[in-house]
Amino acid sequence: MSAAVLREPSNEGIEVNEALFAGCCTATEGSKVYKDECMFCFHSPFHTGGILICLKTHMGFCARHVVEYSKKSGARCFLKRQKCRLPNEVQEPINKITKLAIGVEGGFKEPSDEVQEKYSLFVYPETEIELGDRRVTSVVREICDSVAANSGALLEDKCRSFEVQRKVTKFANIEQLPSMGKVIPPSGWVCEEEGCGLKENLWLNLADGTIYCGRQQMLSENTVAVGNGHMRTHYELTHMKYPLVVKLGTIENGDADVYSYAAAEDDAVIDPNLVKHLAHWGIDALTAKKTEKSTLEMELDLNRDWEWERCQENGVLLESVYGPGLTPMINIGSSCYINSAIQMLLQIPDISERYEKHYVDIFEKIGIPRTQEDFDAQMAKLVVALQSGDYSKDGSDLNGIKPFQFRRVAGRDHAEFSTGKQQDVEEYLRLLLTKMDESEYLPNPVNAVRFKLERRFEDIASSQVRYGDKEEFILSLNMPEELASDVRDETGVLRKQIPLSVCLESTFADSMIEDFKSPVTGELKGARERIRMKTFPKYLFVQMKKFGFAKNANGSFDVKKLDIEVVLDEKLDLQSIRGSGVAPHEHLLPEDQSIVEDQSTAVEEQFKQEILDGCLSMGFSDAFCRKAIRATDNSTLEAALDWILQHPEEDNANNEQQSTSAGKGVDQRVEKLAEELSKTFDISIEKVRYALKINGNVADNAVNWLFMNPLAEIPKEVEQAPTEQKVAVPKSFDDGKGSYSLVGMISHMGANTHSGHYVVHLKRGDKWILFNDEKVNVSQKTPFGLGYIYLYKRDQ
């Protein structure tokens, strides 16, 4: 985009008339008005020149980019929005936050600094007129006022990104037991478990009317809500018949904190029949008043306290640094994983090269406003901004960028990343690499990290082997807890440590499949598997598998974080684990299809029951569990669960493939589904069809959309521009010597990957730089042993 700058505006020399404003339009309640940020960069109304909003398209531009836009579009009439902060004493929030959302009642508010805002009429190239000027006609003033009054597309996107998405429960039509005159009072509740006596954190079972306490829950780093988990125990003792519970004290305006214990949900849900269900127990959900924090509010309290001391190298004076490549990303609510992933990816020059080189091409090809929904466009906008240094200047109060739009576009249609919750940075890296790999723009930066793993499978009975390759982006290393040593740290506390070399040995050691039956001899002598690196990429991501599974008191499995420090050097030599391919003396297992099928059947019949039961207890489908066990060669429960967590997209792969091949049958099934949903929720069939269409015919997503958008109007004719198919650039595998140097690491603090905080340390020259959201400092005590994701660069 052109960096031309507007001339100094003047309010003389132009007559404002209706002809000049032909094509300009008012902004209605549903209009998208881009008034908070330039379409092409992260300049805001606080920057010099403000944001110029086109009165025809309602798209906003900074003074640098409006020149090119006006030349190409011919647009001349803009509403200029400028803002400045006035000195104000920092105060604690007066109003309590009650919703994990931004800009809505009870949600996050914008910074509480006193802000002065000004709107004026701007006629390109240099005329600025006060809105109260006599030359501004009533029609023009009405257009300007409507644009100024609009909440703005960015704020709407913030709300969608931050609103924690609760799914509509599948148990909305539960059968409630007779109340027998039982009425739940408005207060004074006590847990009905004998000997418990808790009077807070109490839940009402909507089916049988019992009241029990919830589980213990962390409110902040050092504060825990009491709870003995008696409601879950009650659910299990009643043969899991009554899964829906509501938190007493959170009922207000027909809504409340509702949870489903059902294995298929096991999360906060929406009960569309909540008012009726509560009325059954004498509770008027429309007049009840809220007296306790909901689960979301507790989660919110925890999320706000994200600056943990351990993540900031506390106790050390850190020097701030500024300039190109040192731009901070401001935390927009549980977004530290985004900052850490993006900053680490920019250590790879191939990524910057693609998006900086094609920045103009991408925006011009896609066209405005489609850039607001395109991953490549938002990635290019983000990369250019982070690398420019425009938002990282010593002494500036406009440093840092807020990636609201990028977050929404990158996570769109993803069950987890489309929410405002904390996420696993390793999964997010995979998501971004996959999206970049699907792009059409050269060079393909993913080629710099893509590598092949070589899998050697040996049938012990026949000594015959089979080789296969697997494409990967990230090398995951085991952390065998039993091989860790107890070492006292500088404070005298015993901590577990394990050398990186031991993790490598464990990961690349031969694994045995004890019950494997030879397809050649028919003997049950087992098989042996070995993994090796077939190629060594230019940049290598290494994940330390710090998260495993531990069986809890109920017999199911919880995620467990391994508190183990890794002992490593900044140099890494992997030459010893390079694959060598088929050796001259080796004989390959026959490729006859019947033998292969017999072998597959044999393995499937020999699934270890304890592994299958363990996977099923986590709520996954039987077919998906068997697929995971097969993929990990029936080895261990941990291996199967780890595979499941890394391949969530394969759960419904077979069903989707069958649906696709069914041809016209798909339309019939969708129509039948639409009819069922329309009847169940009493919503017009036309609106249900539209909801299914925009949500990929996924019922759960469609129902969620319907309940989140009850007043949305269905377009009479949904016109979609022909989607231009992007042709992905060819994939390749860069290969070289397996000698590497450490250039980056992402650390995680917290109980699991979906909570806590992420920071990233990156090597720049001879210094390590700490990126901790809006803080960018020279690191003094780089915690090399606490890394979760490491990035290595291949030595030249």
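1. Two strands count as paired if DSSP finds at least two bridges between them. Helices (H or I, at least four residues) and strands (E, at least two) are DSSP runs, numbered from the N terminus.

2. A word on provenance. This is a predicted model, where local features need pLDDT of at least 70 and side-chain atom pairs count only at pLDDT 80 or more, while totals for chains, interfaces and linings use all residues. Residues are numbered from 1 along each chain as its sequence is written, and side-chain values use heavy atoms, with hydrogens and water left out.

3. Back at the sheet, three bridges link β7 (residues 202-205) with β8 in the antiparallel sense, and Trp203 sits opposite Tyr212 in β8. Axes here are lines fitted to C-alpha atoms, for helices over the stretch in contact (heavy atoms within 4.5 Å). Angles run from 0 to 180 degrees between N-to-C directions.

4. Strand β26 (residues 739-749) runs antiparallel to β27 and is joined to it by six bridges; Gly744 stands opposite Leu762 in β27.

5. β27 is also joined to β28 (residues 767-772), again antiparallel, by five bridges, with His761 facing Leu770 in β28. The hairpin of β27 and β28 has two residues between the strands, and Gly765 takes a positive phi near 65° there.

6. Finally, the helix pair: the axes of α15 (residues 609-616) and α16 (residues 622-631) come within 9 Å and cross at roughly 130°. That angle makes α15 oblique to α16, since angles under 35 degrees count as roughly parallel, over 145 as roughly antiparallel, 65 to 115 as roughly perpendicular and the rest as oblique.

7. Which residues meet in this contact? Ile611, Leu612, Cys615 and Leu616 in α15 meet Asp622, Cys625, Arg626 and Ile629 in α16. By class, the contact has six nonpolar, no polar and two charged residues. In this scheme Ala, Val, Leu, Ile, Met, Phe, Trp, Tyr, Cys and Pro count as nonpolar, Asp, Glu, Lys and Arg as charged, and the others, Gly among them, as polar.
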